[in-house]
Amino acid sequence: MPGLENYRALLERIDELCARTVQQFAGDISCRAGCDACCRHLSVFAVEAAALRAALKSRPPEEADLIRRLAATAPSGRCPLLHEGLCLLYEARPVICRTHGLPLMLTREGEKSIDFCPENFKGLSSIPGSAIIDLERLNTMLAAINALYLQQFPGPERLTMASALALAD
């Protein structure tokens, strides 16, 4: 799909960083298929919604119809792509889903802190900086890529995942 080149390049970098962290701390990370407590219905940037729609359009029609149906009827709060503990469009999941559970540096009220899934890194007293994702920096890059996307394809800045999938036909 046109307009997604910058977004896909960012995803490559994110996936490389996440893969290194997962490999380095394989014994300290509990995230796995079926671990879906963090899979919530949230909004995504327009560029992420476009990537989800492109992934949905690439699926066989019967599979795409099932995903649309499940997304339209997902219980409130639960991610509309979650089915039997698995993400139906895992390969196109948004940035927040790719990084969830891993060490993220956050800034709250001017204070920096590290956050990660409480099920991960239980036995570690510290996590090296090379494994920590600067969420503010990542969100700044994502917002800039989204702004470029919206220059080409005007529309709302953010959409819920369910509404993004409803637009894919």
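**View 1. E84 sits exposed in a loop.** E84 is exposed, with a relative accessible area of 72%. Exposed means over 50% relative accessible area, buried means under 20%, and partly exposed lies in between, with a 1.4 Å probe and protein chains only. The loop that holds E84 runs between β2 (82-83) and β3 (86-87). Helices (H or I, at least four residues) and strands (E, at least two) are DSSP runs, numbered from the N terminus. Phi of E84 is near 55°, a positive value in a residue other than glycine.

This is a predicted model, where local features need pLDDT of at least 70 and side-chain atom pairs count only at pLDDT 80 or more, while totals for chains, interfaces and linings use all residues. Residues are numbered from 1 along each chain as its sequence is written, and side-chain values use heavy atoms, with hydrogens and water left out.

**View 2. F121 is a buried loop residue.** Look in the loop between β5 (111-115) and β6 (133-134) to find F121. Its relative accessibility is 3%, so F121 counts as buried. Phi of F121 is near 60°, a positive value, and the residue is not glycine.

View 3. Helix α1 covers residues 5-24. At 1.5 Å a residue, its 20 residues should span 28 Å, and the end C-alpha atoms are 29 Å apart, which agrees. The expected span is 1.5 Å times one less than the number of residues. Which residues of α1 are buried? They are Y7, L10, L11, I14, L17, C18 and T21. They cover an arc of only 135° around the axis, which puts them on the same side of α1. The arc is that of the directions from the helix axis to the C-beta atoms. An α-helix has 3.6 residues a turn, so residues three or four places apart point the same way. The face turned away from the buried side of α1 carries the exposed residues E5, E12, R13, R20 and Q23. Cover for the buried residues of α1 includes α2, α4 (95-99), β6 and α5.

View 4. The relative accessible area of T21 is 3%. Leaving out residues up to four places away in sequence, T21 touches I29, L102, P103 and A131. Contact means heavy atoms within 4.5 Å.

**View 5. Helix α3 also has a buried side.** Helix α3 (residues 61-72) has twelve residues. From first C-alpha to last, α3 reaches 16 Å, close to the 16 Å expected at 1.5 Å a residue. A64, I67 and A71 are the buried residues of α3. They cover an arc of only 60° around the axis, which puts them on the same side of α3. Exposed residues P61, E62, R69 and A72 lie on the face turned away from the buried side. The buried residues of α3 are covered by elements including α2 (46-57) and α6 (161-166).

**View 6. Helix α2 packs against α5.** The axes of α2 and α5 (residues 135-152) are 8 Å apart, at an angle of about 70°. That makes α2 roughly perpendicular to α5, a term for angles of 65 to 115 degrees. On α2, the contact is made by A46, V47, E48, A50 and R53. On α5, it is made by L142, I145, N146, Y149 and L150.

View 7. A144 lies in helix α5, and its relative accessible area is 42%. A144 and Y7 are 137 residues apart in sequence, but 9.8 Å apart in space, C-alpha to C-alpha.

Technical notes:
Axes are lines fitted to C-alpha atoms, for helices over the stretch in contact, and angles run from 0 to 180 degrees between N-to-C directions. Angles under 35 degrees count as roughly parallel, over 145 as roughly antiparallel, 65 to 115 as roughly perpendicular and the rest as oblique.
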